[in-house]
Amino acid sequence: MDKGMVAAARMIVKTHAGLEEILAEELGIIGAANIEILRRAVAFDGDKAMMYKACYTLRTALRVLYPVAQFKAVNDRKLYDNVRQLPWHSWLSPEKTFAVDAVISGKVFNHSQYVALKTKDAVADYFRDRMGSRPNVDTDRPDLRLHVHVNEDYVSLYFDASGDSLHKRGYRIITDKAPINEVLAAGLILQSRWDGRQPFVDGMCGSGTIPIEAAMIAMRIPAGYFRKHFGFMGWNDFDPALWKSLRDEADSKITEAEGPILASDNSNRALDIARKNLEHARLHKDIQLFRKNLDSLKPPQGPGILLINPPYGERLPESDIIALYKMIGNSLKQNFKGYKAWVITSDLQALKFVGLKPSKKYTVFNGPLECRFACFDIFDGSMSDHKRLKNEQPKPID
């Protein structure tokens, strides 16, 4: 890429369905302009510095995409010709590597891998005809990753500034079964509106992702702090001085956590994994880890936040699910007075066994699974106080 190629442009940030508004808030905080919420994505205007900052600091971003070209293609030949006529020598060279990902919708093209293949062929043929050699494909860590988005006959081509998906923070060295995605975990914490000063508890912590993300939020540790590589580092116009300046500015805001962060699980294996991840993230002194089941966990006095990701119905028989959610409800009522208790589940019927009415309820997606993220207000006081506060609660969000 030529020096100065990444000027102000309308970029796209991808995220999980249900986190778009949280991502838009994050973009506003870092100074992005003309923010627009899309489906599983948010668009914004920004320059190279904003692109670097988005990759390094956004907690709910999966990928940051920089626009390169837009055109119409009514068939595979038009797609090939339009891609091939772009000035690829400005962005790539034969000794570098590239990869192509494609997403399609509509009836003009019906196979994303075929669209990716035609795009790859066009780039390779451009170099072969012009220079006699071509860059190789590297799907693991290419110097340039291309994204092709096709909607009917409208094609948008982007460069991926992220490289690997931004959920790969770099702190998680080992996982337990069915771990929650880091971006989703951060989005849930931000959605809970935890202020970082009240106690934060995860009573089913598994590999430790939720408490680690909570600690990073409370301590203002940038989302990309533990990562060694971003896609833009392989671009011809990568500006190391600008990157270092922005990273140092973000890192200078790191502080100590104010409220206690507690994590527990009843599985020795899960706790061993969580402990290793906490140590790798150098957060083992900031997160208190316990081997306790939720019903025997005694948290700090409220107000506080409990956020748990119980096993879903896909992993447990129905009888165990009912017993589990009844145990969750009893534990909340007995041990978590004064807390706002947040539960994410893909079992849309399971929440009724908690025995409490949610004050808030959001729809989010954990991979392909549609989930509910529900808040239960656990009141500490007389029944009259309970009724008064209940009447003051905002209407649930369906």
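Student: What is the phi of R193?
Tutor: This is a predicted model, where local features need pLDDT of at least 70, side-chain atom pairs count only at pLDDT 80 or more, and totals for chains, interfaces and linings use all residues. Residues are numbered from 1 along each chain as its sequence is written, and side-chain values use heavy atoms, with hydrogens and water left out. R193 is not a glycine, yet its phi is positive. The value is about 65°.

Student: At what angle do helix α5 and helix α6 pack?
Tutor: Axes are lines fitted to C-alpha atoms, for helices over the stretch in contact, and angles run from 0 to 180 degrees between N-to-C directions. Helix α5 covers residues 182–192 and helix α6 covers residues 209–218. Their axes are 9 Å apart, and the angle is about 60°.

Student: What does that make α5 to α6?
Tutor: Angles under 35 degrees count as roughly parallel, over 145 as roughly antiparallel, 65 to 115 as roughly perpendicular and the rest as oblique. The angle of α5 and α6 is about 60°. Therefore α5 to α6 is oblique.

Student: How many nonpolar residues has the contact of α5 with α6?
Tutor: Contact means heavy atoms within 4.5 Å. From α5, E182, A185, A186, I189 and L190 meet T209, I210, E213, A214 and I217 of α6. Ala, Val, Leu, Ile, Met, Phe, Trp, Tyr, Cys and Pro count as nonpolar, Asp, Glu, Lys and Arg as charged, and the others, Gly among them, as polar. The contact has 1 polar residue, 2 charged residues, and a nonpolar count of 7.

Student: Which strands stand at the edges, each with a single partner strand?
Tutor: Two strands pair if DSSP finds at least two bridges between them. The open sheet has 8 strands, in the order β2-β3-β1-β4-β8-β7-β5-β6, with mixed pairing. One side of each edge strand is left without a neighbour in the sheet, so the edges are β2 (33–38) and β6 (136–137).

Student: Which residue in β3 does M11 stand opposite?
Tutor: β1 and β3 pair in the antiparallel sense over 6 bridges. Opposite M11 stands F44.

Student: Is L92 buried or exposed?
Tutor: L92 sits in the loop between α3 (76–84) and β5 (97–105). Buried means under 20% relative accessible area, exposed over 50%, partly exposed in between (1.4 Å probe, protein chains only). Leaving out residues up to four places away in sequence, L92 touches T97, F98, V123, F127, P135, L144 and N236. L92 has a relative accessible area of 2%, so this residue is buried.

Student: Is N34 buried or exposed?
Tutor: N34 is found in strand β2. Its phi is near 50°, a positive value in a residue other than glycine. The relative accessibility of N34 is 54%, so N34 counts as exposed.

Student: What is the omega of the peptide bond from G302 to P303?
Tutor: P303 has its place in the loop between β11 (287–291) and β12 (304–308). The bond from G302 to P303 is cis, and its omega is near 10°.

Key
Helices (H or I, at least four residues) and strands (E, at least two) are DSSP runs, numbered from the N terminus.
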